[in-house]
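Come along while I look things up, entry by entry.

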Amino acid sequence: MLFCEQCGVHVRGSLQRCPLCQSPLSGQKEENAYPALPPAKKPLRLILRLAALATVVVAVTCCAINFSLPKTGWWSVFVLAGLASTWLVLGVTVRKRGSPMKAIVWQLVTISAVTFAWDLCTGFAGWSLDFVLPIFIPCAQLAAVIVALALSMRPAEYLFCLSVCILSGLIPLVLLLCGVVGVIYPSVICVGISLVALAGVLLFKGKELRDDAVRRMHL
Ligand SMILES: [Zn+2]
């Protein structure tokens with residue numbers, strides 16, 4: 001064991017200097033003074049890998065649909081850009097432990113607005129409402145669920161933003177009913193996913209959602 005003449009203390013391990021007074025230590029160094037820790041289990045890594053796989057599936061599917069329907073414009077570029085930026089935000093926020101939920105909601109809003117504006121300015125072929133919006137909303141919902149699971153969030157931390165993502169999934173329903181949507185399948189699937197997600201949240205987290213709503217109204 002190492003010894004500090006200055007402080008008169010024994011020091012374990014293989015340090016060069018005393019951790020208290022920084023003077024050189026005398027005596028025998030000890031290797032492996034601390035027990036080896038078993039590697040921590042990493043559910044986060046598995047979840048992120050599954051999410052990455054899901055992203056690839058979405059990206060490939062979008063490109064395939066777009067490739068077979070070239071007349072609808074090259075909207076899949078936006079989907080790819082959106083997925084890439086989602087991962088960027090996810091990466092930054094998971095690392096920084098910031099507020100990834102709000103980031104997801106903001107991204108959903110900005111990407112929808114930007115693609116809609118782009119579609120409108122280029123003669124409104126309708127791809128922003130036909131494809132981008134109904135593909136993005138379930139992606140945002142999935143991202144919200146993944147982040148909530150990966151960061152082991154409490155219901156109060158994720159329920160509000162998750163609800164916003166889920167309820168925005170009903171916007172395509174309004175668009176469908178108004179007859180604005182040209183290719184209906186993506187919107188129908190998006191509304192279906194959103195309704196199932198809504199039922200899931202109400203059934204499993206209904207009480208927490210009510211508590212959260214009450215708290216927000218008091219603020
Ligand atoms: Zn010392």
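Predicted model: local features only at pLDDT ≥ 70, side-chain atom pairs only at ≥ 80, totals over all residues.

How many bridges join strand β1 to β2, and which way do the two strands run? I counted three bridges between β1, residues 2–4, and β2, and the two run antiparallel. I also looked up one facing pair: Cys-4 stands opposite Val-9 in β2.

**Entry: the whole sheet.** I then asked what order the strands take. The sheet is open and has three strands, in the order β2-β1-β3, with antiparallel pairing. Its edge strands are β2, at 9–11, and β3, at 26–27, each pairing on one side only.

**Entry: confidence.** The protein chain has a mean pLDDT of 85, and 90% of its residues reach 70 or more. Where is confidence lowest, and where is it highest? I found the lowest in helix α2, residues 76–96, with a mean of 73, and the highest in helix α6, residues 171–178, at 95.

**Entry: α6 and α7.** Next I followed α6 to its contact with helix α7, which spans residues 185–218. Their axes lie 8 Å apart and the packing angle is about 135°. I noted that the crossing of α6 past α7 is left-handed. On the α6 side I listed Pro-172, Leu-173, Leu-175 and Leu-176, which meet Ser-187, Cys-190 and Val-191 in α7. I sorted the residues of this contact into six nonpolar, one polar and no charged.

**Entry: α3 and α4.** Here I looked at helix α3, residues 100–121, and helix α4, residues 127–150. Their axes come within 10 Å and cross at roughly 175°. Angles over 145 degrees count as roughly antiparallel, and therefore α3 and α4 are roughly antiparallel to each other. The contact includes Ile-104, Leu-108, Ile-111 and Trp-118 of α3, with Val-132, Phe-136, Ala-140 and Val-147 among the residues of α4. By class, I have 16 nonpolar, three polar and one charged for the contact of α3 with α4.

**Entry: α1 and α4.** I stayed with α4 and turned to helix α1, residues 43–68. Again I wrote down axes within 10 Å of each other and a crossing of roughly 175°. That makes α1 roughly antiparallel to α4. From α1 I noted Leu-44, Ile-47, Leu-48, Ala-51, Ala-54, Val-58 and Cys-62, and from α4 Ile-135, Cys-139, Leu-142, Ile-146, Leu-149 and Ala-150.

Notes:
Residues numbered from 1 in each chain as written. Pairing = 2+ DSSP bridges. Helix = DSSP H or I, 4+ residues; strand = E, 2+ residues; numbered from the N terminus. pLDDT = per-residue confidence, 0-100. Axes fitted to C-alpha atoms, helices over the stretch in contact; angles between N-to-C directions. Left-handed = near helix turned anticlockwise from the far one by under 90°. Contact = placed C-beta atoms within 7 Å. Nonpolar A, V, L, I, M, F, W, Y, C, P; charged D, E, K, R; others polar. Parallel < 35°, antiparallel > 145°, perpendicular 65-115°, else oblique.
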